[in-house]
Amino acid sequence: RSRRAISLLLVMCGLALMLRPTAALSSSPGVLINEFMPRPSTGTSEWVELYNPNPMLIDVSGWRIDNTTIGGTQMLFPAGSLIQSNTLLVITRTGDILGTSDTIQLLDPSNNPVDTKIYINAITGQTFARTPDGSATWVQGMPSQGAWNVLPDPTPAATYTPTNTPTNTATPTNTPTATDTA
């Protein structure tokens, strides 16, 4: 009797997993808001700098930057917006999305928050930036748009590199060796 109950429970769990929407099975990759200009000087634009600490390229096409109220005026990342591994991407917008005290949100195409920062008392011409880059610590200060906030730049995440696995063969084979290229 208990075997039947366990079998039924396993079948139900399997069905629940199969019926979940595809978007729920995968989460957005860990892209971070690294620096942003909420109160630009006269004649300049608001901008947001994203950091991809992942070991792979991330496509952020269709992602958005929004403030506290999701659905109003947004910064939309156009098609072809790619962030290479361990690099920065800056998007600018004329107009005013972010206030003096507000919340900045990075949203994926399904409006799921990928990264969020609540800030207060923005000063004209100064940014909020993670220091060091990609960390949980935020400081307000002079902008470094498109450049690392602190040098040296962050240690890149390890990337996947396939390796050759030796196998025993009846006859010897030549194994190519890697060479440096300029």
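Visitor: How much of the contact count in this chain comes from residues 24 or more positions apart?

Guide: For contacts with a separation of 6 or more, residues 24 or more positions apart account for 57%. Keep in mind that we're looking at a predicted model.

Visitor: Let's go inside, then. Which residues have the most contacts within the largest nonpolar core?

Guide: The general idea is that nonpolar side chains tend to be buried together in soluble globular proteins. Here the largest nonpolar core has 21 residues, and Phe 36, Val 48 and Leu 50 have the most contacts inside it. Strands S1 (32-37), S2 (46-52) and S8 (102-107) are the elements that give two or more residues to this core.

Visitor: What does Leu 50 touch, leaving aside its neighbours within four places in sequence?

Guide: The list includes Leu 32 and Ile 33, Ile 65, Phe 77 and Ile 83, and then Leu 88, Leu 89 and Leu 106. Asn 34 and Thr 87 are among the contacts of Leu 50 as well.

Visitor: How should I read the two faces of S2?

Guide: In a regular strand the side chains alternate between the two faces of the sheet. In S2, Glu 46, Val 48, Leu 50 and Asn 52 point one way, while Trp 47, Glu 49 and Tyr 51 point the other. Residues on both sides are buried. With seven of its seven residues buried, S2 is largely enclosed by the rest of the structure.

Visitor: Which strands pair with S2, and over how many bridges?

Guide: Strands of a sheet pair through backbone hydrogen bonds, and they can do so parallel or antiparallel. For S2, both pairings here are antiparallel: five bridges join it to S1, and seven join it to strand S7 (residues 87-93). Phe 36 stands opposite Val 48, Ile 33 has Leu 50 as its bridge partner, and Asn 52 is partnered by Thr 87 in S7.

Visitor: And S1, is it covered or uncovered?

Guide: Mostly covered, with six of its six residues buried. S1 also runs antiparallel to S10, joined by two bridges. Look at Phe 36 again: in S10 it stands opposite Phe 128.

Visitor: Where is the open sheet of four strands, and what is its order?

Guide: Follow S5-S4-S8-S9, with antiparallel pairing. Strand S5 (75-76) and S9 are the edges, each pairing on one side only. Strand S4 (residues 64-66) and S8 pair over three bridges, and Asp 66 stands opposite Gln 105 in S8.

Visitor: On to charges. How many salt bridges does a search of the whole structure find?

Guide: One. Arg 130 pairs with Asp 115, and the closest N and O atoms are 2.7 Å apart. Since Arg 130 lies in strand S10 (residues 127-130) and Asp 115 in strand S9, the pair ties together parts that are 15 residues apart in sequence. Both Arg 130 and Asp 115 are buried.

Visitor: What about Glu 35, which is buried yet has no salt bridge: which side chains does it make polar contacts with?

Guide: The way to read a case like this is to check for opposite charge, then look for polar contacts. Glu 35 is in strand S1, and the nearest side chain of opposite charge, Arg 130, is 10 Å away. The Glu 35 side chain makes polar contacts with the side chains of Thr 127 (2.8 Å) and Ser 144 (2.9 Å). Other residues that Glu 35 touches include Trp 47, Phe 128, Met 142, Pro 143 and Asn 149.

Technical notes: Residues numbered from 1 in each chain as written. Predicted model: local features only at pLDDT ≥ 70, side-chain atom pairs only at ≥ 80, totals over all residues. Heavy atoms only, no water. Core = buried A, V, L, I, M, F, W, Y, C linked by side-chain atoms within 4.5 Å. Buried < 20%, exposed > 50% of the residue type's maximum accessible area, 1.4 Å probe, protein only. Contact = heavy atoms within 4.5 Å. Pairing = 2+ DSSP bridges. Salt bridge = Lys/Arg side-chain N within 4 Å of Asp/Glu carboxyl O. Lys, Arg positive; Asp, Glu negative; His and termini not counted. Polar contact = N/O pair within 3.5 Å; in protein donor to acceptor, adjacent residues only side chain to side chain.
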